[in-house]
Amino acid sequence: MQTSFLSRATAALAALAALVALGALGGCDSATGPARVARVEVAPATPGVTALVVGETMQLSATPLDAAGNPLSGREVVFSSSDEEIATVGAASGLVTAVSAGDVVITATADGIDGDLELVIEPVPVADIEVAPDPLLLHPEWTEQLAVELTDADGNVLTGREVTFATANENVARVSASGLVTGWGTGTTAITVSSGGVSVDVPVEVSPAAVHAVTVEPATLTMSDGTQQRVFPVARDARGNELGGRTVSWSSSDEDIATVLSSGLVSAVRPGEAEIRATIEGVTGAAVVTVQPHVARIVVAPTAATLRIGEEAQLTIRLEDESGNELTGRIVSYSQSDPGVVTLPTDGRVRAMDEGTSTLTIRSEGATATVEFTVLQPVVFVSVSPRIATVPVGTQMQLTVVVQDMRGQPLEGRVVTYSSSNTVVASVSEAGLVSGLAKGVATITVTSEGVSQTAQITVP
């Protein structure tokens, strides 16, 4: 009986131990059921490889682990990508496909627990660089845009890649960040084009440009006989760039009218029209020169004027050649000995500005004429003394007159006129002497420069 009990107990303990062992091996918890997923380990098929090239695929595996790091079987694992524009992944298969360059995180989820693997998606390597034009032929100041095509090992065109440009000699050719090459100085050099670790050199030759066109500046000029003026040649290449350092040959179509020196200095000989020609490397340009008679004299009227402040004077200015013919269309300049006294002429009109004297000088092609201006203070007040007087018949009385400016200052040397309202009663001389002639009343008016005052005269 005792032996039967012990046998049954031993069998029970053995069964219990087997159950515990089975739970450990099958991911079960003897107390709570299947073991919980503590973490998920995501690994590439090739250990340590976490980089892909666009277009490539990579197989990932995911292993759920318990808290002790034991793998758990029979658990559903779902894969996802942090950015499907960079890489996609099969939710069940774990097969990653690289879409575009960048960094991406692939996540494997089991029972709500995530495991991550960071992948780097690299662009398709550049295998070859094609550049056009190649070689590059330029002239100084000419520009040429390089066209660059990148391809992979299969000949597929690659876009969106960084391309850099560098010149071997900036004194010959320079290149911008966008690949615009500029000829700088004559000689040879190379432009290096690089992308993704691949480089090619484009030979560049910069040679002097041929003269395509020649102009003479100014293209037209009008000169007076006996004067000189310099003209300038401008040589340009086929693209319109100005060319310097070229030898110039000058000539005139009619040296009786105008001549030209090797420096481009033109001399007007006599009235007429001629071409001044510049020839550079077989290409000729010309300027048309019109020679006109020079100004021999300037006739101005008046040659002197006295003005009050604020008044204007009209000048008549005539330019003449040696024969007295009037000349028009000439440049006339003016200057003054005292700029504050009168204004410079505008359409011949001069305005008095301040008291004083000034000499206006008129110039044209070496001829001169002058006008002398005197500017006076205007008369503002006229005072007469006495204002009321009695002058018996047969007697005389002298009027005292004071002419004043706006400041009340007396003005000397001004013209004063007198008049009587009734010459039968009283007369007045040019000097202001009043004579009583007959009984009655007369008004004497005293005027200076438009300003008047009166005196009342009674003849008893």
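## A pair of strands

Strand 14 (residues 147-151) pairs with strand 15 in the antiparallel sense, over two bridges. Strands here are DSSP runs of E, at least two residues, numbered from the N terminus, and two of them pair if DSSP finds at least two bridges between them. In strand 15, Leu 158 is the bridge partner of Leu 150.

These strands belong to an open sheet of three, in the order 11-14-15, with antiparallel pairing. Strand 11 (128-132) and strand 15 (157-158) stand at the edges with a single partner strand each, so one side of each has no neighbour in the sheet.

Residues are numbered from 1 along each chain as its sequence is written, and side-chain values use heavy atoms, leaving out hydrogens and water.

The protein chain has a mean pLDDT (the predictor's confidence in each residue, from 0 to 100) of 91, and 93% of its residues reach 70 or more. Over residues 1-31, however, pLDDT stays under 50. Where pLDDT is low, the predicted coordinates should not be read in detail.

## A glycine in a loop

Where is Gly 240? Look in the loop between strand 24 (232-236) and strand 25 (242-243). Gly 240 counts as partly exposed because its relative accessibility is 39%; buried means under 20% relative accessible area, exposed over 50%, and partly exposed in between (1.4 Å probe, protein chains only).

Technical notes:
This is a predicted model: local features need pLDDT of at least 70, side-chain atom pairs count only at pLDDT 80 or more; totals for chains, interfaces and linings use all residues. Helices (H or I, at least four residues) and strands (E, at least two) are DSSP runs, numbered from the N terminus. Contact means heavy atoms within 4.5 Å.
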